[in-house]
Amino acid sequence: MNPEPSAVDTVIDAVSAVFMVVGAVMSLGAAIGLLRFPDLMSRMHAATKPQVLGLFLLLASVGLQLRTWWVWPALFVAWIFQVLTVPVSAHMVGRAGYRTKHLHRELLTTDELEAVVQKAADKKTADGRAAGGQEPDERAAHDGPADDGASA
Amino acid sequence: MMEVVLTVTAVILSLAAAGAIVRIAIGPSLLDRVLASDVLLAIIGATLCIDMAVNRHLNNLMLLVALSIIGFIGSVTVARFVADRREHPNES
Amino acid sequence: MNRRRISIRQELPLLVWLVFVWGALWQDFSAGNLLFGALIAVVVARLFYLPPVELGGRFSIVRAVPFAIVFLGKVVAASFQVLYLAVARGPKVTNAVVAVQLRSHSDLMVTATGHVISLIPGSLVVEVDRSTSTLYIHGLNVRSGEDIVNLRKEVRDAEAALIRIMGTREELAALKQEVGA
């Protein structure tokens, strides 16, 4: 593809090599975070953030190595979709994790959600008793907004 | 130079995949395992990228785009399912 | 579902995005391909009807470009922060769940703010209350009351930046008043 390697080629190769190694290190960082953090919520931070930067760097190195302009829009689309979807899945997993009490309360310095959830739970049991055991639909009140925006 | 980069990234990504698999194996809860498998998917995406960059082809590009569009559906579904299941107070 | 007609102007950003994705996937930005893509985009947007995203009606590119650059820098910072915390502090890290009241009540603003703060350092959205547009943020490595204040300020700053880019005129006016006061 490149008959005579020039100085520019060497620089581009070096930059993409650095990008590739750093991108791989980001994946390793996610794995280390998964193994070392104490509870689900902190592991979620480790699982989401390095992924986005890692994929960005690796896609950039693909674009640099191929040296054609028409790859960049496809790479951009891939990254944008990643940016749009990663917070959605992190939010859903975190929400489920919080509700199923998958967190170590002694590791939290403050928790301003606990009182709200407690109130909602009390209200729900009261409602449930009044309605004869039927579960009220709480999804309307607490639906994640991320479901609506990301797909449109 | 590309051979060196390929070796280094292969080692790093293998270690990362091993870490994610360990978390899938020991993860105390279902959500931990879902999260770890998400990370494993991202690591696979990273290897696809590195393959394309080192060998200078675009065969995996569409796979990568599809991965980043629909890759999150699995964990969202499981998260929803877990939340629904645990609504019943009897099931600890 | 209420199938009221939405104007082509309101759909335009969606259509442009669909055409762009079409061109990117074919890796062919010739006029014929884009025209065919536009045709398919219109058919798809009519056939697979989704509730319209209510845009604020303005978009400031002058504000958007610096914001994108700062955002990218913050993503880099976030990744390295998580890496550092995972290696250096590991199991000893302390967290907090903080409630942050947002200014805007539009779904788009709350969603965009949630996305942005999920990707900047040390914060993740745990729960959303749409009726009061309150986000419950899980903060990584929050050790003192000062950290909580910083986290809250960061979230509100992100929202302010987004309002400056694509908020409605009312939101912008309210923001200006708040900053002036």
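Two residues count as being in contact if their C-beta atoms, placed from the backbone, lie within 7 Å. In chain B of this predicted model, 43% of the contacts between residues at least 6 apart in sequence join residues at least 24 apart. The corresponding share in chain A is 64%, again among contacts between residues at least 6 apart in sequence and again for partners at least 24 apart.

**Chains A and B**

Chain A comes to six helices and one strand, with its elements running α-α-α-β-α-α-α from the N terminus on.

| Chain | Residues | Buried share |
|---|---|---|
| Chain B | 92 residues | 40% |
| Chain A | 152 residues | 49% |

Within chain B, the helix α2(B) can be checked for its length: at 1.5 Å a residue, its 26 residues should span 38 Å, and because its end C-alpha atoms are 38 Å apart, the model agrees with that expectation. The residue B:R56 follows α2(B) and has a positive phi, near 55°.

**The contact between chains B and A**

The contact between these chains takes 45 residues from chain B and 48 residues from chain A. On the side of chain B that touches chain A, at least two residues each are supplied by α1 (2–26), α2 (30–55), α3 (61–70) and α4 (73–85) of chain B. The element that gives the most to this side is α2(B), with 15 residues. Sorted by class, the side of chain B that touches chain A has 31 nonpolar, seven polar and seven charged residues.

**The contact between chains A and C**

A further contact takes 44 residues from chain A and 48 residues from chain C. Several elements of chain A each supply at least two residues of the side that touches chain C, among them the helices α1 (7–36), α2 (40–66) and α3 (71–99) and the strand β1 (108–111). It is α3(A) that gives the most to this side, with eleven residues. By class, the side of chain A that touches chain C has 26 nonpolar, twelve polar and six charged residues.

Most residues other than glycine have a negative phi. Against that background, two residues of chain C deserve a look.

C:Q27, a residue other than glycine, has a positive phi near 55°, and is found in the loop between α1 (8–26) and α2 (31–47) of chain C. Is C:Q27 buried or exposed, or does it fall in between? With 16 other C-beta atoms within 10 Å, C:Q27 is partly exposed, because a residue counts as buried at 20 or more such atoms and as exposed at 12 or fewer.

C:S133 likewise has a positive phi, of about 45°, although it is not a glycine. C:S133 lies in the loop between β2 (123–129) and β3 (134–140) of chain C. Here 20 other C-beta atoms lie within 10 Å, and C:S133 is therefore buried.

Technical notes: Residues numbered from 1 in each chain as written. Chains lettered and ligands numbered in written order. Predicted model: local features only at pLDDT ≥ 70, side-chain atom pairs only at ≥ 80, totals over all residues. Helix = DSSP H or I, 4+ residues; strand = E, 2+ residues; numbered from the N terminus. Nonpolar A, V, L, I, M, F, W, Y, C, P; charged D, E, K, R; others polar. Expected span 1.5 Å × (residues − 1).
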